[in-house]
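Dear colleague,

Here is the structure I promised to pass on to you. My notes on it follow below.

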Amino acid sequence: MSDNPELPDEMFLVSPEDAGMPADATTLSFSRSTTVLLTFAANRFTRKAAHHYRTEFGLGVMDWRMLVMLTRAPGSNVAHASKTMGIDKAAVSRSLARLEKSGLAASVAGTPDERRREWRLTKKGRDLHARILDASLNRQKELLDGFTPEEVEQFNGY
């Protein structure tokens with residue numbers, strides 16, 4: 001199965017005898033598969049963050065990500081934002097439509113092609129970004145409580 005002999009497939013799998021499964025039901029372990037663990041952790045973190053941002057700021061996680069994107073790269077279009085964040089273009093477009101409707105972002109006039117429109121935060125969007133940024137930083141510090149700065153850098157490097 002694996003092309004990397006240093007990482008044998010078995011270290012990521014649950015065998016039938018481990019879980020009383022039929023002999024042909026070998027599958028990924030929930031506790032030993034790195035991709036499964038990362039996905040589960042990301043899902044839990046995103047779900048908790050979504051609830052917090054929606055409750056505190058009336059904004060979903062995707063819209064918060066777009067506020068960050070447009071702060072980092074004002075004038076981004078849908079394709080650029082999608083590629084940068086690794087999120088499909090439809091989700092980016094829906095988020096921009098919500099931000100525009102809320103007065104948080106506006107497209108720069110000049111092109112009739114929706115896909116090429118450049119987007120910027122409004123003053124209201126920049127102000128909201130600043131407020132959420134403080135909360136976001138606090139959430140990160142809570143999540144990483146007990147880690148040293150060096151350990152956080154090492155973790156981020158992985």
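**A strand pair and a pocket**

In β4, A106 has R120 as its bridge partner. The model is predicted, so local features need pLDDT of at least 70 and side-chain atom pairs count only at pLDDT 80 or more, whereas totals for chains, interfaces and linings use all residues. Residues are numbered from 1 along each chain as its sequence is written, and side-chain values use heavy atoms, with hydrogens and water left out.

β3 and β4 pair in the antiparallel sense over 4 bridges, where pairing asks for at least two DSSP bridges between two strands; strands are DSSP runs of E of at least two residues, and helices runs of H or I of at least four, numbered from the N terminus. On β4, W119 and L121 form the covered face, while E118 and R120 form the uncovered one.

R117 lies in the loop between β3 (105–108) and β4 (118–121), and R117 counts as buried because its relative accessibility is 13%, the limit being under 20% with a 1.4 Å probe and protein chains only. The side chains of R117 and S107 are joined by a polar contact of 3.3 Å, that is, a pair of N or O atoms within 3.5 Å, one able to donate a hydrogen and the other to accept it.

The largest pocket has a volume of about 820 Å³; a pocket here is an open set of points on a 1 Å grid where a 1.4 Å probe fits, with protein on both sides within 12 Å along at least five of seven lines, and lining residues have an atom within 4 Å of a point. Of its 21 lining residues, F45, T46, R65, Q140 and L143 are the closest to the centre, and α2 gives the largest share of the lining, 8 residues.

Best regards

Notes: Grid points are joined across faces, edges and corners, and a volume is the space filled by probe spheres set on the points. Buried means under 20% relative accessible area, exposed over 50%, partly exposed in between (1.4 Å probe, protein chains only).
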